[in-house]
Amino acid sequence: MYNPTGCASFNDGGCPCPEGEVKCYTNARQAGTEFFSEPWYPYDYCTPICCEEGEETCYDETHDPSSCASIAEGGCDCNGEQVKCYADLEHNYTGYCMDECCTDQQEACYDYETGGKQTCADIEAGGCPCAEGEVKCGADPENNYAGYCTELCCQDDEELCYSSDYSYDYSYDDDGGWNYNYNYPQAESCAPIEAGGCPCAEGEVKCGADPENNYAGYCTELCCQDDEEL
């Protein structure tokens, strides 16, 4: 929680920074540059390091500002064996770090489960593999789109039906922590929207259906008119 301690003049540099930090852009505004002299930009900010125009701020492993690097020379270094990709120095953009740079005909694949290295996969060949139990849907290689991964592919005039609603339960363990058990809905089938779409749970009815606009409606306990409220 922040407790106000006083007021400080912007022209004198504003509020002091915490120990180990410096105020950035104060000199630019005091010098009367067009952007920083505008009344709608009254604030400087405190940070461990100020970078000059033509430089970018580099961050350490804890994501704290640590140094400055010339954009014209490629900007900040990448970590480990990563390389800088998609730089456009003419437009002051140094790119970003990846394990491997992909071409326009490839997509970047990430291993979210084990944290393995990012790789590239040809879109024309199907792109990145899906996780176990999933399939690739909606691929359009002619437009350079590899599709998306999901449990089941439905047609444009169908909706995906799930086996159950999302739920969870929890318990308290002997070590003083909470154990959560999540039950995620599982894709079960596809249902034609024109025929009403997915069935509702027991005790519910389908409301708001608009088959002409490919909308099957939603499930609820009672359907009300537009000029009514539930």
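With a relative accessibility of 49%, W178 counts as partly exposed. Keep in mind that this is a predicted model. W178 sits in strand β13 and belongs to a nonpolar surface patch of about 880 Å². Strands β12 (167-172) and β13 (178-183) each give at least two residues to the patch.

Now for the cysteines: the structure has 14 disulfides. One of them joins C85 to C101, with an S to S distance of 1.8 Å. C85 is in strand β5, while C101 is in the loop between β6 and β7, 16 residues apart.

Another disulfide pairs C109 with C128, sulfurs 2.0 Å apart. The torsion about this S-S bond is -90°, a left-handed link. Because C109 is in strand β7 and C128 in the loop between β8 and β9, the pair ties together parts 19 residues apart in sequence.

C207 and C223 make a disulfide too, their sulfur atoms 1.7 Å apart. Its S-S torsion is about -95°, so this one is left-handed. C207 lies in strand β15 and C223 in the segment after β16.

How buried or exposed are these cysteines?

| Residue | Relative accessibility | Class |
|---|---|---|
| C85 | 0% | buried |
| C101 | 35% | partly exposed |
| C109 | 8% | buried |
| C128 | 12% | buried |
| C207 | 3% | buried |
| C223 | 35% | partly exposed |

C7, by contrast, is in no disulfide. C7 is exposed at 88%, and C15 is partly exposed at 47%.

Notes
Residues are numbered from 1 along each chain as its sequence is written. This is a predicted model: local features need pLDDT of at least 70, side-chain atom pairs count only at pLDDT 80 or more; totals for chains, interfaces and linings use all residues. Side-chain values use heavy atoms; hydrogens and water are left out. Patches are made of residues with over 30% relative accessible area and no salt bridge: like charges are joined within 9 Å, nonpolar side chains (Val, Leu, Ile, Met, Phe, Trp, Tyr) within 5 Å. Accessible areas come from the Shrake-Rupley method with a 1.4 Å probe; for residues, only the protein chains shown count as cover. A salt bridge is a side-chain nitrogen of Lys or Arg within 4 Å of a carboxyl oxygen of Asp or Glu. Helices (H or I, at least four residues) and strands (E, at least two) are DSSP runs, numbered from the N terminus. Buried means under 20% relative accessible area, exposed over 50%, partly exposed in between (1.4 Å probe, protein chains only). A disulfide is a pair of cysteine sulfur atoms within 2.5 Å.
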